[in-house]
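Hello,

Here is the structure I promised to pass on to you. Please have it open while you read, and my notes on it follow just below.

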Amino acid sequence: MKTIAVVIASLIAFSGTARAADATAPVKEIMDATRSNWADNNGDWTDIFDASRLARLYSKDFVAKYQAAAQFPAVDDDGISPFDYDVIVNGQDACPLEDLTMAAAPVVNGTAEVVVRFKKSACSDAPDAKDYTTVRFEVIEEGGTPVIDDIVSENIETQGRDSLKATMALIAKGQ
């Protein structure tokens, strides 16, 4: 009986660890695309919100907010994106990303926070060029698959955090 209890406890512990590890999968795909976008390779820009990624990597709530915000494109000539900046680097300009790290916290109330840090301006001469940018991905499970439910950036001016879902809700209201 003790052996069965130990095996069950081990399986529960392992399944929790496996789920937390899986939380990085959608984030890794987005960060790989972002890293490629800012690399010095002059390749095609990868849209982290294209239809395929929206369907696979993001939660239903995130997708609904994105689609509502996309009704108000930021730039008239492309007519698709509600943003006129890269939401991961939180700007319109960046260098090739350096010193990128990613760490998943344990699941709390159904959400795993995956914290990504990188230097986005290391090729610049600006005083803050060596500063790290931190982006927090809130990952939940839908249909047995980890998906991104929000992308939260640190706001240097306010010392707070900016939720991309909240920003999309404002865009959808015309604000």
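**The disulfide**

C95 counts as buried, at 7% relative accessibility (buried means under 20% relative accessible area, exposed over 50%, and partly exposed in between, with a 1.4 Å probe and protein chains only). Its partner in a disulfide is C123, with an S to S distance of 1.8 Å (a disulfide being a pair of cysteine sulfur atoms within 2.5 Å). In contrast to the buried C95, C123 is exposed, with a relative accessible area of 54%. In general, a disulfide is a covalent bond between the sulfur atoms of two cysteines. A search of the whole structure finds one disulfide. C95 sits in the loop between helix 4 and strand 1 (98-104), and C123 in the loop between strand 2 and strand 3, so the pair ties together parts that are 28 residues apart in sequence. The torsion about the S-S bond of C95 and C123 is about -80°, so this disulfide is left-handed.

**How the model was read**

Please keep in mind that this is a predicted model: local features need pLDDT of at least 70, side-chain atom pairs count only at pLDDT 80 or more, and totals for chains, interfaces and linings use all residues. Helices (H or I, at least four residues) and strands (E, at least two) are DSSP runs, numbered from the N terminus.

**Confidence**

The chain has a mean pLDDT of 82, with 81% of its residues at 70 or more (pLDDT is the predictor's confidence in each residue, from 0 to 100). Which elements have the lowest and the highest mean pLDDT? Helix 1 (residues 2-22) has the lowest, at 43, and strand 3 (residues 133-142) the highest, at 96. Over residues 1-21 the pLDDT is below 50, and beyond near neighbours in sequence this stretch has two contacts in the model (contact means heavy atoms within 4.5 Å).

D22 also lies in helix 1, and D22 counts as partly exposed because its relative accessibility is 42%. The C-alpha atoms of D22 and V147 are separated by 9.6 Å, although these residues are 125 apart along the chain.

**Salt bridges**

How many salt bridges does a search of the whole structure find? It finds eleven, a salt bridge being a side-chain nitrogen of Lys or Arg within 4 Å of a carboxyl oxygen of Asp or Glu.

- D61 and K65 form one, with their closest N and O atoms 3.0 Å apart. The two are four residues apart in helix 4 (residues 60-69), which means they are separated by about one helical turn. D61 is partly exposed at 34%, and K65 is partly exposed at 26%.
- E113 and R161 meet through their side chains at 4.0 Å, N to O. E113 lies in strand 2 (residues 112-119) and R161 in strand 5 (residues 160-163), so the pair ties together parts that are 48 residues apart in sequence. E113 counts as partly exposed, at 24% relative accessibility.
- K165 pairs with D149, the closest N and O atoms being 3.1 Å apart. This pair links distant parts of the chain, with K165 in helix 5 (residues 164-172) and D149 in strand 4 (residues 145-155), 16 residues apart. K165 is buried, with a relative accessible area of 11%, and D149 counts as buried at 14%.
- E29, D50, R53 and R56 are linked in a network of salt bridges.

Best wishes

Conventions:
Residues numbered from 1 in each chain as written. Heavy atoms only, no water.
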